[in-house]
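Visitor: I am new to this structure and would like to learn how to read it. Please show it to me and take the features one at a time.

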Amino acid sequence: MALSHVARRGRIAVSALILTAAAAAWPAAPATAATTATTADVTCVLRPGIVHKDTLGNTFTGDLYCANAPGDLYGRPAFDAPVTGRLKTTQSWFVCYSIGEAHKGGNNIWYYTQGDETVNLPGIKAWGNMPASSVLTSTDPFPGLPPCPWH
């Protein structure tokens, strides 16, 4: 059993190396509206035309799909706000940004999204704000992502 586990880990490691090498060799696509991520932001891409509607009546026609740390979403961009939802995934979408309380990322930008799990205020359906320090961008706010309507 241990041998097959070691062999499987070896295959996974080799596959990861092959994928990394292939990604490095792949020619860079020209920047478009849908791919405004820079080299430093390979984890983030703007996706225009994707529609999200929150429980406050706002409609968003695009998002930022980005790597993130799992974590809490707050009812407003401040740590003393109620935790409305939680992101469990490490790749999520964000529809806009707000200026709020400073956080460990060294700025006061927060990104708005819908969580994977409702924590409080079930009527909000897990919509909330995540500090930019938990979203893996190199620049905040991310270029091209609009400010939230209440900004």
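Guide: What follows goes through the sheet, the nonpolar cores, the charged pairs and the aromatic rings of this predicted model.

Visitor: Over how many bridges do β1 and β2 pair?

Guide: Strand β2 covers residues 59-67, and its antiparallel pairing with β1 extends over eight bridges. To find a point of reference in β2, look at Thr-59, which has Lys-53 opposite.

Visitor: Which residues of the largest nonpolar core touch the most other members?

Guide: That core has 15 residues, and the ones with the most contacts to other members are Leu-64, Phe-94, Tyr-111 and Phe-142. At least two residues of the core come from each of β1, β2 and β7 (109-114).

Visitor: What does Leu-64 touch?

Guide: Leaving aside residues up to four places away in sequence, the contacts of Leu-64 include Cys-44, Val-45 and Leu-46, as well as Ser-92, Trp-93 and Phe-94. Among the others are Tyr-111, Thr-137, Phe-142 and Leu-145.

Visitor: Now the charges. How many salt bridges does the structure hold?

Guide: The general idea is that side chains of opposite charge can pair when their charged atoms come close. This structure holds five salt bridges. In one of them, Asp-63 meets Arg-47 with an N to O distance of 2.8 Å. Asp-63 is in strand β2 and Arg-47 in strand β1, 16 residues apart.

Visitor: Is Asp-63 buried or exposed?

Guide: Asp-63 has a relative accessibility of 2%, so it counts as buried, the cut-off being under 20%.

Visitor: Which residue forms a salt bridge with Asp-80?

Guide: The partner is Arg-76, and the closest N and O atoms are 2.9 Å apart. Asp-80 counts as exposed because its relative accessibility is 59%, and the cut-off for exposed is over 50%. Arg-76 is partly exposed, at 41%.

Visitor: Where do Arg-86 and Glu-117 lie?

Guide: These two side chains also meet in a salt bridge, at 3.1 Å from N to O. Arg-86 belongs to strand β4 (residues 83-87) and Glu-117 to strand β8 (residues 117-118), so the pair ties together parts 31 residues apart in sequence. Through shared partners, salt bridges join Asp-72, Arg-86, Lys-88 and Glu-117 into one network.

Visitor: How many aromatic pairs are there?

Guide: The count is nine aromatic pairs. To read one, check the distance between ring centres and the angle between ring planes. For Tyr-74 and Trp-110 the centres are 5.7 Å apart and the planes stand at 85 degrees, so this pair is edge-to-face. Tyr-74 is in strand β3 (residues 71-74) and Trp-110 in strand β7, so the pair ties together parts 36 residues apart in sequence. Both Tyr-74 and Trp-110 are buried.

Visitor: Which residues do ring pairs link into a cluster?

Guide: The cluster consists of Phe-60, Trp-93, Tyr-112, Trp-127 and Trp-150.

Methods: Residues numbered from 1 in each chain as written. Predicted model: local features only at pLDDT ≥ 70, side-chain atom pairs only at ≥ 80, totals over all residues. Heavy atoms only, no water. Pairing = 2+ DSSP bridges. Helix = DSSP H or I, 4+ residues; strand = E, 2+ residues; numbered from the N terminus. Core = buried A, V, L, I, M, F, W, Y, C linked by side-chain atoms within 4.5 Å. Buried < 20%, exposed > 50% of the residue type's maximum accessible area, 1.4 Å probe, protein only. Contact = heavy atoms within 4.5 Å. Salt bridge = Lys/Arg side-chain N within 4 Å of Asp/Glu carboxyl O. Phe/Tyr/Trp six-rings, centres within 6.5 Å; stacked < 30°, edge-to-face > 60°.
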